[in-house]
Amino acid sequence: MERRIALITGAGSGIGRVSALALWNAGYWLALAGRREAALRETVAMANVSTDRALVVPTDVTDRQAVAALFAAVKERFGRLDLLFNNAGMNAPAIPTDDLTEDDWNSVIAVNLTGAFWCLQEAFRLMKSQDPQGGRIINNGSISAHVPRPHSVTYTASKHALTGLTKSTALDGRAFDIACGQIDIGNARTEMSDRMQKKLERTKGAAAVEAQIDARHVADAVVYMANLPLSVNVPFITVMANGMPYIGRG
């Protein structure tokens, strides 16, 4: 195909932004979604790509109709979708389980799980109906899908659920050349992770600060998965700082 079309949610900062830059560099045409239009346009400006290779669609993924409009805009502009990087997500304050409010729970689940599903469902429909059929969906998971941090029940539950979403979609997509995989990320340096590390240092001391990696290594994994033929899937890949306390109790 002459063009490969990708859509990234949460593309205005962090891993979404770095992945957008990497995919443009790899030759993709991109649609960028996120709540802040100015941040999305800043991502485009950083890439210095021609205007025909970028589509900015401000979108709140918790809004079902907004998500449908996003994918309609992608189809109208590009005619198809080859890759969805389902990246939008949010963390939650470290709150003891018994102190969580209904709003604390709902706000995280709405973005990390329900919003991810709305985007995945629309991508599945488009990829199933387009010609040639098929495409790839990459969900942004977390090491929290395997081991939680203290007081993170909402975030951890959302990422465990996302793993189930990935597995079910990978199975259901086989008949339509839709490959679905997940990147579980550990301590990629973003605005959010920097805030977490500063909080660890403030509350537990410098020794508690964990190793981090440049987010471009996650973007490299996105590009690697994106460029595979649809006969190949990477169901799960973990990209993490080698020195973070995940593999064992060193």
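I began with voids, so here is the rule: on a 1 Å grid over the protein atoms alone, a cavity is a set of points where a 1.4 Å probe fits but cannot get out. Lining residues have an atom within 4 Å of a point. Grid points are joined across faces, edges and corners, and a volume is the space filled by probe spheres set on the points.

Ground rules I noted: this is a predicted model, where local features need pLDDT of at least 70, side-chain atom pairs count only at pLDDT 80 or more, and totals for chains, interfaces and linings use all residues. Residues are numbered from 1 along each chain as its sequence is written, and side-chain values use heavy atoms, with hydrogens and water left out.

**Cavity**

I counted one cavity of 30 Å³ or more. For the largest cavity I noted a volume of about 40 Å³. Its lining consists of A92, P93, I95, L100, H151, S152, V153, T154 and Y155. I sorted these by class (Ala, Val, Leu, Ile, Met, Phe, Trp, Tyr, Cys and Pro nonpolar; Asp, Glu, Lys and Arg charged; the others, Gly among them, polar).

**Sheet**

Next I looked up the strands (DSSP E runs of at least two residues, numbered from the N terminus, as are helices, which are H or I runs of at least four). Two strands pair if DSSP finds at least two bridges between them. I found seven strands in an open sheet, ordered β3-β2-β1-β4-β5-β6-β9, with parallel pairing. β3 (54-58) and β9 (236-240) are the edge strands with a single partner each, so one side of each has no neighbour in the sheet. Neighbouring strands are turned by 15 degrees against each other on average, direction ignored.

I zoomed in on β5 (residues 135-140) and β6 (residues 178-186), which pair in the parallel sense over six bridges. In this pair, N139 stands opposite Q182 in β6. Helix α4 (residues 102-129) packs on the sheet and touches β1 (5-9), β4 (83-86), β5 and β6; contact means heavy atoms within 4.5 Å. The direction of α4 makes about 175 degrees with that of β4. Axes are lines fitted to C-alpha atoms, for helices over the stretch in contact, and angles run from 0 to 180 degrees between N-to-C directions.

**Helix pairs**

I then checked α3 (residues 64-78) against α4: they pack at about 35 degrees with axes 9 Å apart. On the α3 side I listed R64, V67, A68, F71 and K75, and on the α4 side W118, C119, Q121, E122, A123, R125 and L126. This contact has seven nonpolar, one polar and four charged residues.

The axes of α1 (residues 14-25) and α2 (residues 37-47) come within 10 Å and cross at roughly 35 degrees. R17, A20, L21 and W24 of α1 meet A39, E42, T43, V44, M46 and A47 of α2. By class I got seven nonpolar, one polar and two charged residues.

Most residues other than glycine have a negative phi, and most peptide bonds are trans. I flagged N48, not a glycine, with a positive phi of about 55 degrees; N48 is in the loop between α2 and β3. I also flagged a cis peptide bond joining D131 and P132, with omega about 0 degrees. P132 sits in the loop between α4 and β5.

Technical notes:
1 Å grid on protein atoms, 1.4 Å probe; cavity = no way out; pocket = protein on both sides within 12 Å on 5 of 7 lines; lining within 4 Å.
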